[in-house]
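Colleague: I have just opened this one and would like to be walked through it. Could you take my questions as they come?

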Amino acid sequence: MGTVITVTSGKGGVGKSTLSANISVGLADSGKRVVAVDFDIGLRNLDMILGLENRIVYDVIDVMDEKCKLPQALINDKFSKNLYFLPASQTKDKTVLDKDKVKKLIDELKEEFDFVVVDSPAGIEGGFEHAILAADRAIIISTPEVSSVRDADRVIGIIDAKSLKAQAGEEVDKHIIINRLKPDLVEKGDMLAIHDVTNILALPLIGVVPDDERVVSSTNTGEPVIRKRGTKSGEAVNNIVRRILGEDVPFMELAPENKFIAVFRRWFK
Ligand SMILES: Nc1ncnc2c1ncn2[C@@H]1O[C@H](COP(=O)(O)OP(=O)(O)O)[C@@H](O)[C@H]1O
Ligand SMILES: [Mg+2]
């Protein structure tokens, strides 16, 4: 049975879809069979980030409503035979999702794939509880801003209360990614540092992704940044993938100042 990784956040627009896509690509490129499921409609949909928007015929709601069979809705990635994509419904109301149908769908996907990566709505939005329902692991994305961190903290509470694992008395494995870090701002004291964020959340970090305009341009061209060699952001996501797979990967240096890196390292041990 595969592992369900739900990628979520408190606030919208923090990089959930971007990182879901990149993590899915990375896991697939590591030889795992992966399906990326879009449970959200947002700024940049998963289909755009993967460059698959023109191939969509059926969506996740069509599968749940049995308007089509699961394989009819699954879209194979252009570059990886290991990676499939299940699109979000563009038109239908997210609140129509039914818990039993969500569970049935995810169970079916778990049988076929090593990893089911669920791109979830933000915690404040409709459909969130469905997206976290079947999570084995949750990766919570936060930017280094107080409001984002606070909202992420709230989401952690909901996962611990409402996921199926929580209901069965088990714990969902939770990690944080800090996205869009700007080391120069941190140094000037204008942005929360890593340890400020992890102090508030009290959860282990699985990665820090720098703010990088190539993330935006790669989204627009449908080529996830993880496939771009020589970018710090691509390397950061690649490291996250390796950590998900259980490798002990040291955290890379994102700031020129040693003081910062020292604090940073301490937290990542
Ligand atoms: N590390 C990053 N550096 C620069 N821009 C980023 C980064 N991560 C995400 N973005 C941009 O932020 C915006 C929101 O990202 P998105 O993945 O759609 O967020 P969400 O799914 O949480 O709503 C997009 O324009 C995306 O390209
Ligand atoms: Mg999104």
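Colleague: Is Arg180 buried or exposed?

Modeller: Arg180 is buried, because 21 other C-beta atoms lie within 10 Å; a residue counts as buried if 20 or more other C-beta atoms lie within 10 Å of its own, as exposed if 12 or fewer do, and as partly exposed in between, with C-beta atoms placed from the backbone. This is a predicted model, in which local features need pLDDT of at least 70 and side-chain atom pairs count only at pLDDT 80 or more, while totals for chains, interfaces and linings use all residues. Residues are numbered from 1 along each chain as its sequence is written, and chains are lettered from A and ligands numbered from 1 in the order in which they are written.

Colleague: Where does Arg180 sit, and what is its phi?

Modeller: Arg180 is in strand β7, where strands (E, at least two residues) and helices (H or I, at least four) are DSSP runs numbered from the N terminus. Its phi is positive, about 65°, although Arg180 is not a glycine. Most residues other than glycine have a negative phi.

Colleague: What about Glu66, buried or exposed?

Modeller: Glu66 has a positive phi too, near 60°, but Glu66 is exposed, with 9 other C-beta atoms within 10 Å. Its place is in the loop between α3 (60–64) and α4 (70–73).

Colleague: Switching to the sheet, what is the strand order?

Modeller: The sheet is open, has eight strands with mixed pairing, and runs β3-β4-β2-β5-β1-β6-β7-β8; two strands pair if DSSP finds at least two bridges between them. β3 (75–76) and β8 (205–210) stand at the edges with a single partner strand each, so one side of each has no neighbour in the sheet.

Colleague: And which helices pack on the sheet?

Modeller: Helix α5 (residues 99–112) does, touching β1, β2 (34–38) and β5, and its direction makes about 140° with that of β5. Helix α10 (residues 194–201) also packs there, touching β6 (137–142), β7 and β8, at about 150° to the direction of β7. Touching is contact, meaning C-beta atoms placed from the backbone within 7 Å, and the angles run from 0 to 180 degrees between N-to-C directions, with axes fitted to C-alpha atoms, for helices over the stretch in contact.

Colleague: How many residues of β5 are buried?

Modeller: Five of the five are, so β5 is largely enclosed by the rest of the structure. Phe115, Val117 and Asp119 point one way from β5, and Val116 and Val118 the other way. Five bridges join β5 (residues 115–119) to β1 (residues 3–8), running parallel, with Thr6 opposite Val118.

Colleague: What does Val117 touch?

Modeller: Leaving out residues up to four places away in sequence, Val117 touches Ile5, Val7, Ser20, Ile23, Ser24, Val34, Ala36 and Val37.

Colleague: Last topic, then: which residues are closest to ligand 1?

Modeller: The closest are Gly15, Lys16, Ser17, Thr18 and Val215, out of 20 residues that surround ligand 1; a residue is near a molecule if its C-beta atom, placed from the backbone, lies within 6 Å of it. The elements giving two or more residues to this shell are α1 (16–29), β7 (173–181) and α11 (213–221).

Notes:
Contact = placed C-beta atoms within 7 Å.
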